[in-house]
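Colleague: I am new to this model and would like a close look at a single part of it. Could you take me through one residue and then the contact between chains beside it?

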Protein chains: 4
Amino acid sequence: MDNLHDYLHRVHYYETDKMGVTHHSNYVRWMEEARVDFLDQIGCGYAAMEAAGVVSPVVGLECRYLRPTVFDETVRIRVRVKEYRGVRLFFSYEMQNAAGEPVFTGVSEHCFLSAAGRPIILKKQLPDADRALREALEEDK
Amino acid sequence: MDNLHDYLHRVHYYETDKMGVTHHSNYVRWMEEARVDFLDQIGCGYAAMEAAGVVSPVVGLECRYLRPTVFDETVRIRVRVKEYRGVRLFFSYEMQNAAGEPVFTGVSEHCFLSAAGRPIILKKQLPDADRALREALEEDK
Amino acid sequence: MDNLHDYLHRVHYYETDKMGVTHHSNYVRWMEEARVDFLDQIGCGYAAMEAAGVVSPVVGLECRYLRPTVFDETVRIRVRVKEYRGVRLFFSYEMQNAAGEPVFTGVSEHCFLSAAGRPIILKKQLPDADRALREALEEDK
Amino acid sequence: MDNLHDYLHRVHYYETDKMGVTHHSNYVRWMEEARVDFLDQIGCGYAAMEAAGVVSPVVGLECRYLRPTVFDETVRIRVRVKEYRGVRLFFSYEMQNAAGEPVFTGVSEHCFLSAAGRPIILKKQLPDADRALREALEEDK
């Protein structure tokens with residue numbers, strides 16, 4: 001996956017709280033921003049997936065907050081496919097500040113549903129997306 | 001409209017910013033919270049309106065920030081129908097802190113669309129909602 | 001803890017996303033809303049704690065999304081002290097919809113810092129808050 | 001001001017609502033994102049201004065929503081200094097979609113305060129920032 005770039009997020013003023021640092025809820029949103037960008041990069045764009053009638057909601061999250069981040073700082077986010085065997089999909093997230101220090105690690109777990117909310121088999125519904133995810137997993141090893 | 005109650009919003013920690021006060025964007029969200037509550041009170045609930053195939057997007061906003069508000073403070077919000085003659089709908093908003101001091105005034109402007117995004121005549125589509133809005137306007141005078 | 005009430009949150013329109021349900025990031029914010037309310041109830045109010053120079057940032061989160069929630073629905077949130085022995089504090093969260101079905105469970109982990117960001121011993125700094133948390137834990141068993 | 005670039009914002013999934021389009025409150029946040037970027041470009045960075053003890057809260061907003069925007073779309077935002085004579089500062093905002101169609105116009109009004117919340121004269125406190133704003137205004141004509 002040498003050709004994958006990390007996602008960069010510059011902390012917005014409205015993302016800070018009265019503690020003077022980024023509010024912890026925003027990292028969950030950055031996970032999504034970076035995941036959308038990652039899926040684009042591996043040829044499995046989320047907008048296209050939804051247009052094809054498949055949604056992939058978050059069913060689980062794990063978040064570790066290692067260092068605070070502040071307004072105007074740029075956070076580098078690396079997303080990888082952590083686990084995927086067709087039904088459940090896990091992404092891992094590593095976030096670093098400009099000094100290269102880890103600020104956050106996380107995992108998100110997803111399932112695949114039809115627009116009507118029924119579980120679907122991605123391999124049947126969207127074989128290309130399924131293949132892209134498997135390859136992303138393979139190359140990661 | 002003597003039977004109308006004001007809407008109360010307690011400022012959440014995640015709504016503050018590094019200045020130590022509520023971020024200005026949240027008042028726009030509180031306008032919506034209070035508007036939804038107001039529409040319920042006058043018998044023109046927004047969820048029911050959407051279920052009937054009508055959406056009422058915001059097309060304009062005016063906001064005046066008079067005093068900051070802080071975490072854990074309760075803000076009292078009064079919503080009124082400012083103008084309505086069938087096509088465009090204007091709400092006014094007055095927000096006060098616990099000391100009764102004004103903290104914010106605003107106006108929102110709305111149109112009515114079908115689920116497909118076409119302009120509709122509310123009186124034809126949802127005569128009860130149209131009547132409720134006209135009465136809210138009347139009684140306000 | 002029979003005298004503790006659950007926290008109620010009515011889903012706001014701005015908390016929904018294009019899937020038609022509540023965006024998952026908002027549950028993290030509701031955890032905070034409910035936690036602030038819970039701390040008030042056990043006599044360990046967060047605003048007072050901060051006024052006394054102590055902050056309690058989130059250092060970890062676990063979230064399980066069990067059922068979607070929708071606009072205008074009221075979510076009942078039960079918070080409990082899951083673990084506390086003086087340094088790290090864990091809260092558990094159970095969220096139910098109006099039908100009493102579980103929609104979300106979660107855990108948040110917190111530390112205690114001075115305003116300057118240094119780790120502190122809550123028992124020394126704020127003995128009353130420390131006691132309130134221990135009692136909340138005790139009574140839970 | 002030929003050397004100024006517009007600010008680009010790609011619509012995030014979490015910024016959409018159940019109507020399937022961007023929730024209107026987010027444009028207020030994009031105004032801030034674009035304003036921070038603009039101030040950086042004219043040499044009047046907001047982070048530096050705050051580090052020097054000056055804050056510039058929003059005291060007024062006007063927003064016109066012209067066309068909806070959707071997930072994954074890139075919005076081009078042009079910010080300009082609309083009015084500035086030392087005490088009140090007004091910015092104008094024009095947002096376009098990828099097809100070059102206007103989606104939003106807005107104005108924000110700001111004052112200048114010390115960290116303690118007292119009104120200040122920017123020219124005395126931060127003469128360089130004052131000059132940068134005046135020049136941005138001049139060149140705009």
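Modeller: **A loop residue and the chain contact**

Pro57(A) sits in the loop between β2 (54-55) and β3 (58-65) of chain A, where strands are DSSP runs (E, at least two residues), numbered from the N terminus. This is a predicted model, in which local features need pLDDT of at least 70 and side-chain atom pairs count only at pLDDT 80 or more, while totals for chains, interfaces and linings use all residues. Residues are numbered from 1 along each chain as its sequence is written, and chains are lettered from A and ligands numbered from 1 in the order in which they are written.

Turning to the two chains, the contact takes 15 residues from chain C and 15 residues from chain A. On the side of chain C that touches chain A, β3(C) gives the most, with eight residues. Of the interface residues of chain C, 100% are also interface residues in chain A, so the copies meet through the same surface. Five bridges join β3(A) to β3(C), and these strands run antiparallel (two strands pair if DSSP finds at least two bridges between them); within this pairing, Cys63(A) has Leu61(C) as its bridge partner.

Key: Helices (H or I, at least four residues) and strands (E, at least two) are DSSP runs, numbered from the N terminus. Two residues are in contact if their C-beta atoms, placed from the backbone, lie within 7 Å.
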